[in-house]
Amino acid sequence: MEPLGGAEFAPKQTYLNTSACALLPRRTIEAITLLAEETADGRPDGAGSFDVVAEARATYARLMDVHADRVAVGSSVSVHVGMIAQSMPAGAEVLFPEGDFSSVITPFTVRGDLKTRFVPLERLAESISPETALVAFSSVQSADGRTADFAAVRAAAAAHGARTLLDATQSAGWLPLRAGEWDYTVAGGYKFLLCPRGASFLTVTQEAQDSLVPIHAGWVTGEELWANSYGPVRELARSARRFDEPPAFLSYHGAARSLALLEEIGIERIEAHNKALAARFRAGLVELGHAPVRDVSGVVGVPGLGDRQDALREAGVLVSARAGNLRASFHLYNGVADVDRALEVLAG
């Protein structure tokens with residue numbers, strides 16, 4: 001359980017806060033710096049490369065076990081979710097777990113003409129009914145690291161004809177996922193995917209694509225990229241690229257390098273690493289008399305311990321406080337020494 005990634009990472013503190021924001025790999029910083037310098041010098045092709053964006057799209061698709069034609073790129077989860085929300089018919093019911101992340105919920109509630117229903121996470125699958133048009137939830141809960149029963153939710157949704165939206169922001173990059181099993185998935189890149197802010201990914205099945213309205217379509221969403229600079233786009237991309245936002249090139253030049261690193265190491269290897277560190281942390285917490293949330297997630301929530309965040313930070317251990325919980329999140333650049341240092345500070 002030594003850190004993975006080698007010389008790509010050199011944190012100066014005990015960093016257990018990837019659920020808030022990841023450390024950037026060295027190769028990613030170099031790619032961003034290079035593009036910034038080339039742009040300052042007068043890059044011949046402008047401020048970035050669509051080929052590099054395509055590379056990031058393709059690598060993300062492989063990580064999510066889906067064809068690249070099913071992946072759209074954008075800037076944030078809330079923008080992706082907003083497009084899904086705006087495509088739903090008035091009066092449709094959307095089912096959420098209680099306390100899920102705001103960006104998964106708010107784009108639907110601001111509509112004002114949708115029926116939204118909230119249930120405990122452990123009852124999500126059994127609460128899907130024939131009236132449910134969409135069930136939307138996070139693969140790992142941001143507040144405490146709990147995971148849903150994926151198979152049960154998929155089975156219940158299929159039985160009742162409901163579509164599914166999975167927010168994989170807290171799991172993509174360490175938990176093996178099959179995006180094709182969900183109508184939609186979204187994932188912000190700046191957490192476990194190790195990308196700069198401004199890179200976010202949406203997957204859409206072929207069937208779900210037909211009912212999704214590309215409300216922010218522009219010239220980059222055309223089937224022929226350079227044929228639609230003026231006037232209406234003649235033909236939208238036949239793939240999920242029709243849902244693209246214009247890419248933030250600095251972010252995506254970095255994202256291409258970060259995603260390549262994840263693919264080189266392997267998601268299954270990262271999963272085993274992260275879960276082992278989280279299990280060690282949970283066991284140590286129990287020995288100290290605390291009661292962490294019971295799960296096999298790589299994100300650990302400790303109810304009632306959120307007020308220790310400042311003391312940990314002063315000791316050089318970075319974690320989060322969320323909904324009263326102390327939240328520690330483990331990733332490939334962490335090792336046993338990080339776990340033991342956090343436990344040492346909590347014990348002291």
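Helices (H or I, at least four residues) and strands (E, at least two) are DSSP runs, numbered from the N terminus. This is a predicted model, in which local features need pLDDT of at least 70, side-chain atom pairs count only at pLDDT 80 or more, and totals for chains, interfaces and linings use all residues. Residues are numbered from 1 along each chain as its sequence is written, and side-chain values use heavy atoms, without hydrogens or water.

**View 1. The fold of the protein chain.** Eleven helices and twelve strands make up its secondary structure elements. The C-alpha atoms fill a box of roughly 65 × 55 × 30 Å along the principal axes. The radius of gyration, taken over C-alpha atoms, is compared with a globule rule of 2.2 Å times the number of residues to the power 0.38. For 348 residues a compact globule would have a value near 20 Å, and the protein chain agrees with 21 Å.

**View 2. Burial in the protein chain.** Buried means under 20% relative accessible area, exposed over 50%, and partly exposed in between (1.4 Å probe, protein chains only). Of the 348 residues, 55% count as buried.

View 3. Tryptophan 219 lies in the loop between helix 7 (206-209) and helix 8 (249-265). Tryptophan 219 counts as partly exposed because its relative accessibility is 30%. Contact means heavy atoms within 4.5 Å. Beyond neighbours within four places in sequence, tryptophan 219 is in contact with Phe50, Leu225, Trp226, Asn228, Ser229 and Val233.

**View 4. Tryptophan 219 and alanine 279.** In sequence, these two are 60 residues apart. In space, their C-alpha atoms are 48 Å apart.
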